[in-house]
Amino acid sequence: MEFCLWFGLSLLAAVQSSSVKNCHPGCHCEVESFGLFDSFSLTSMDCHRLGPGVVMPIPIPLDTAYLDLSSNNLGPLSDSMLAGPGYTTLVSLDLSGNHITKISPNALAKLRYLETLDLSHNNLDSLSSSCFSGLPLAEVDLSHNSFRELDLDIFILKANAEPLSVDLSHNELMSLSATSHGRVLHIQSLNLTANKLTSVPRMEGLSLRYLNLDSNPITRIKEGAFAEFNDLVYLSISNLQGLQEIDPYGFKGLQNLQVLDLSNNLKLKMLIPAVFSGLGSLQELNLSKSGVVSLPNNMLTHLPSIKSITLGQAIHCWKTRKQEQFHPQLGQIQHNEVLSCNVVGIVL
């Protein structure tokens, strides 16, 4: 029995050692073992900056789950560059900083277990409609590319696929379109930071929970601009250099929103109570480093769930209960909810 156990452990060690030995020259490989007697293993490969002349696909161990191919000047991705033994088991792939200008429709087709894909810091301006077809993607980073428009049909997944998280920050994106054609769009998180959007994009059919519109040339939030974002929990519209006005009922429809970041909007000077209408679940409101230095004293009627508000440079306000005296006739203690701040004299 002891011999069998020793033999099994020795065989496992030999397999793990073999995986590391098969690591491509110039790459750094790490093997993570798990399961009973560490009987299973996954390999992580760091192959960034391999230098000029790299030929794809590079050989990788069969149990590779995480592969970093960033900063290798790969250029356009063809169908054969990510094919071969080992690639089919990839869970995470980093292709950032590779001067990728085009991805062929089937370049990613073999990566049937891929959940995380980083395509940031490339030169992409379009993607084929079938680019991500059949992939169980959970997170996609398309930031720092050259998109001026993007058809969100590329993110349509099968009904049983996991939610998709998409980062499109620092692009030259001018517009977005999403047409579901009866199919389900499973994007859960979308980052559109530092694009060229001049208004809140229409996202009908998307069940987003996280949306970031920071650093876009949006000058006004119109009434009902977020009416299609019923599932949002977190919304950031920070650092909008031109934002001057938020219409009454501008956030109507965001009944599940818990966090709203309006910080660093210097031209936004005033917010009337009706702006906050419909934000019944909001818990955190960030107005720090914005032009708003005071809030209407009856805003709590629109924000029954609010816990904290941040204003100015270092003004923090929180909701407290103000206890009134015992009423001799009613026989009970009455409470009023008020906002208290760490700076004296703030008008709320």
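**Figure 1. The disulfide of Cys 23 and Cys 29 in a predicted model.** The link between Cys 23 and Cys 29 is right-handed, with 85° about the S-S bond. The structure shown here and in the following views is a predicted model. The sulfur atoms of Cys 23 and Cys 29 stand 2.0 Å apart. Is Cys 23 buried or exposed? Cys 23 is buried, because its relative accessible area of 16% falls under the 20% limit. Cys 29 is buried as well, with a relative accessible area of 10%.

**Figure 2. The disulfide of Cys 27 and Cys 47.** The structure holds 2 disulfides, and this view shows the one that joins Cys 27 to Cys 47, with an S to S distance of 2.1 Å. The link of Cys 27 and Cys 47 is right-handed, with 120° about the S-S bond.

**Figure 3. The salt bridge of Arg 220 and Asp 247.** How many salt bridges does a search of the whole structure find? The search finds 1 salt bridge. In this salt bridge the side chains of Arg 220 and Asp 247 meet, at 2.8 Å from N to O. The pair links distant parts of the chain, 27 residues apart: Arg 220 is in strand E12, whereas Asp 247 is in the loop between strand E14 (245–246) and strand E15 (259–261). Arg 220 is partly exposed, with a relative accessible area of 39%. Asp 247 counts as buried, because its relative accessibility of 8% is under 20%.

Figure 4. Most residues other than glycine have a negative phi, and most peptide bonds are trans. The peptide bond from Met 56 to Pro 57, however, is cis, with omega near 0°. Where does Pro 57 lie? Pro 57 belongs to the loop between strand E2 (40–46) and strand E3 (64–68).

Figure 5. His 99 is not a glycine, yet its phi is positive, at about 55°. This histidine, His 99, sits in the loop between strand E4 (92–94) and strand E5 (116–118). The relative accessible area of His 99 is 47%, which means that the residue is partly exposed. Ser 215 is another residue other than glycine with a positive phi, in this case near 55°. Ser 215 occupies the loop between strand E11 (210–212) and strand E12 (220–221). With a relative accessible area of 28%, Ser 215 is partly exposed.

Figure 6. Ser 236 forms part of strand E13, which covers residues 234–236. Ser 236 is buried, with a relative accessible area of 1%. Which residues does Ser 236 touch, not counting those up to four places away in sequence? Ser 236 touches Leu 211, Asn 212, Leu 213, Asp 214 and Asp 261. Ser 80, in contrast, counts as partly exposed, at 46% relative accessibility. Ser 80 is located in the loop between E3 and E4. Ser 80 and Ala 107 are 27 residues apart in sequence, and their C-alpha atoms are 6.8 Å apart in space.

**Figure 7. The nonpolar cores.** In soluble globular proteins, nonpolar side chains tend to be buried together. The largest nonpolar core of this model has 42 residues. Within this core, the residues with the most contacts are Leu 211, Phe 226, Leu 235, Phe 251 and Leu 285. At least two residues of this core come from each of strand E16 (284–288), strand E17 (308–312) and strand E18 (315–327). Residues up to four places away in sequence aside, Phe 251 touches Phe 226, Leu 235, Ile 237, Ile 246, Leu 260, Leu 262, Val 275, Ser 277 and Leu 279. Another core, of 35 residues, lies apart from the largest one. The members of this other core include Cys 29, Cys 47, Phe 132 and Leu 135.

Terms used
Residues are numbered from 1 along each chain as its sequence is written. This is a predicted model: local features need pLDDT of at least 70, side-chain atom pairs count only at pLDDT 80 or more; totals for chains, interfaces and linings use all residues. Side-chain values use heavy atoms; hydrogens and water are left out. Helices (H or I, at least four residues) and strands (E, at least two) are DSSP runs, numbered from the N terminus. Buried means under 20% relative accessible area, exposed over 50%, partly exposed in between (1.4 Å probe, protein chains only). Contact means heavy atoms within 4.5 Å. A disulfide is a pair of cysteine sulfur atoms within 2.5 Å. A salt bridge is a side-chain nitrogen of Lys or Arg within 4 Å of a carboxyl oxygen of Asp or Glu. A nonpolar core is a set of buried Ala, Val, Leu, Ile, Met, Phe, Trp, Tyr and Cys residues joined through side-chain atoms within 4.5 Å.
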